[in-house]
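Here are my notes from a first pass through this model. Have it open while you read, and check the points against your own view.

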Amino acid sequence: MARKTETAGQADPLAPVTLAVGQEELLLDRAVQQVVAAARAADADTDVRDLTPDQLEPGTLAELTSPSLFAERKVVVVRNAQDLSADTVKDVKAYVAAPVEEITLVLLHAGGAKGKALLDAARKAGAREVACPKMTKPADRLSFVRSEFRTLGRSATPEACQALVDAIGSDLRELASAVSQLVADVEGTIDEAVVGRYYTGRAEASSFTVADRAVEGRAAEALEALRWSLATGVAPVMITSALAQGVRAIGKLSAARGGRPADLARELGMPPWKIDRVRQQMRGWTPEGVAVALRAVAEADAGVKGGGDDPEYALEKAVVTIARAARARRG
């Protein structure tokens, strides 16, 4: 049988064997959900077994797929199939070559070199294949958002889709959730203004959280916020910008004469609420600490703009240096 690669939303979910290939967890889960939903639509009493490699020992698959007196429909899901033992792989290869009627086997495979023999055997046997690739490129995530709106039967402008990707970042679950929320809440075509009301500012907010924790000397919390921001697609350059603004605000207020927040706000070009916040943050700072922190930000900025091999390391180093500088007077 000729091999056919599908996306997670395409037809024939009750093929005897479905092979979901890739590392995008949301798409892998959807591939499983689609098969289970189709099986339960055909038979509400469908038995679903969801197994990890350590649960699938040699002989287990034969037990699960042995004919039943009641001919019940069954779905057997095997996650991380690339990690199966050699003996179990033999069992799975034998099964995909001669699958049992009324049973659907779903193999989730990362798609790399590890466990490739099983992948090749399933493909050779004519398994239905669902592509679940990790979406590392912004263009891929943009296509995903457009597809989500289409699947839900709603229209969104190209600008709205792009704004959503820019605001949410790289997490497909969050993108899918955001699309669902907009579809549920908003009537008519979803445009950029709607996305702006819901989501614009998320990336900026998360980058400033990193900066706030760093200038307050809270290194562990700053690193946690940094890793979360990077994981959700915040551009490193936004984080260096926020760090620079945070350190410069400390330096400006340290050099300014005392006075009311409103007067200092006019003098320094900051809103009064920010004067109050920076006053709280500047405890523990010294002029030398500000100079050290500014150098750290400059080095990180060069690192994320191509001057270094590892932007994430450059940012982590800057965050730790700034947090230490913030505690210089306390130490």
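The numbered points below go from the overall picture to individual residues.

1. Ground rules before anything else. This is a predicted model, in which local features need pLDDT of at least 70, side-chain atom pairs count only at pLDDT 80 or more, and totals for chains, interfaces and linings use all residues. Numbering runs from 1 along each chain as its sequence is written, and side-chain values use heavy atoms, with hydrogens and water left out.

2. The overall make-up. The protein has 15 helices and six strands, taken as DSSP runs numbered from the N terminus (helices are H or I, at least four residues; strands are E, at least two). Of its 331 residues, 44% count as buried; buried means under 20% relative accessible area, exposed over 50%, and partly exposed in between (1.4 Å probe, protein chains only). Among contacts with a separation of 6 or more, 75% link residues 24 or more positions apart, where contact means heavy atoms within 4.5 Å.

3. The largest nonpolar core. A nonpolar core here is a set of buried Ala, Val, Leu, Ile, Met, Phe, Trp, Tyr and Cys residues joined through side-chain atoms within 4.5 Å. The largest one has 39 residues, and those touching the most other members are Phe144, Val145, Phe149, Leu164, Leu182 and Ile190. Two or more residues come from each of α1 (25-42), β4 (74-78), β5 (103-109), α5 (138-151), α6 (158-168), α7 (172-185) and α8. The biggest giver is α1, with eight residues. Both domain 1 (17-132) and domain 2 (138-199) supply at least three residues to this core; the domain bounds come from an automatic or database domain assignment.

4. Leaving out residues up to four places away in sequence, Val145 touches Cys161, Leu164, Val165, Leu175 and Val179. There is also a second, separate core of 32 residues, including Ala244, Ala256, Met282 and Val297.

5. Which residues of helix α8 (residues 192-199) are buried? Val194, Val195 and Tyr199 are. They share one side of α8 because they cover an arc of only 100 degrees around the axis, the arc being that of the directions from the helix axis to the C-beta atoms.

6. Cysteines. How many disulfides are there? The count is zero, with a disulfide taken as a pair of cysteine sulfur atoms within 2.5 Å. Cys132 is buried at 0% relative accessibility, and Cys161 is buried at 2%.

7. Ile275. This residue sits in helix α13 (residues 272-281) and is buried, with a relative accessible area of 0%. Ile275 and Ile250 are 25 residues apart in sequence, with their C-alpha atoms 9.6 Å apart in space.

8. Asn80, in the loop between β4 and α3 (86-97), has a positive phi near 50 degrees without being a glycine. Glu102, in the loop between α3 and β5, is not a glycine either, and its phi is positive at about 75 degrees. Asn80 is partly exposed at 38% relative accessible area, and Glu102 is partly exposed at 30%.
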